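Here are my notes on the model you sent over.

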Amino acid sequence: MPVSTTKMFKELEAFLEKYGITVKNWEMGKRHRKVWVTDGAKTALIVVSVSPSDHRAYMNIAQSARNALREAR
């Protein structure tokens, strides 16, 4: 059963909060979404699949967000 995009986005926000990362904004595409994340000091852009199928998808997204914030200026 497909999960709504809004519900998945709320779950992603809650998961990233565990790592001290806040979602500032997001932009929807056909298959991917652009997500701007911040740790309070830096802001970075990550690209996330609209419907991640991997059971570790949220963990991989969190790692991508941490890496992007670490490299942000």
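1. Start in the sheet, where V35 stands opposite I46 in β3. The strands β2 and β3 pair in the antiparallel sense over seven bridges; pairing here takes at least two DSSP bridges between two strands. Strands are DSSP runs of E with at least two residues, helices are runs of H or I with at least four, and both are numbered from the N terminus.

2. A word on what you're looking at: this is a predicted model, in which local features need pLDDT of at least 70 and side-chain atom pairs count only at pLDDT 80 or more, while totals for chains, interfaces and linings use all residues. Residues are numbered from 1 along each chain as its sequence is written, and side-chain values use heavy atoms, with hydrogens and water left out.

3. The hairpin of β2 and β3 has four residues between the strands, and G40 takes a positive phi near 105° there. The backbone nitrogen of G40 also lies 3.0 Å from a polar atom of the T38 side chain (a polar contact is a pair of N or O atoms within 3.5 Å; within protein, one must be able to donate a hydrogen and the other to accept it, and residues adjacent in sequence count only if both atoms are side-chain atoms).

4. Is T38, then, buried or exposed? T38 counts as buried because its relative accessibility is 12%; the cut-offs are under 20% for buried, over 50% for exposed and partly exposed in between, with a 1.4 Å probe and protein chains only.

5. β1 and β2 pair in the antiparallel sense over six bridges, and V23 stands opposite V37 in β2.

6. V37 turns up again in the largest nonpolar core: of its 17 residues, L16, V37 and I46 touch the most other members. Such a core is a set of buried Ala, Val, Leu, Ile, Met, Phe, Trp, Tyr and Cys residues joined through side-chain atoms within 4.5 Å. α2 gives the most to this core, with five residues.

7. Now look at α1, where M8, F9, L12, F15 and L16 are buried. They sit on the same side of α1 because they cover an arc of only 125° around the axis, taken from the directions from the helix axis to the C-beta atoms. On the other side, T6, K10 and E17 are exposed.
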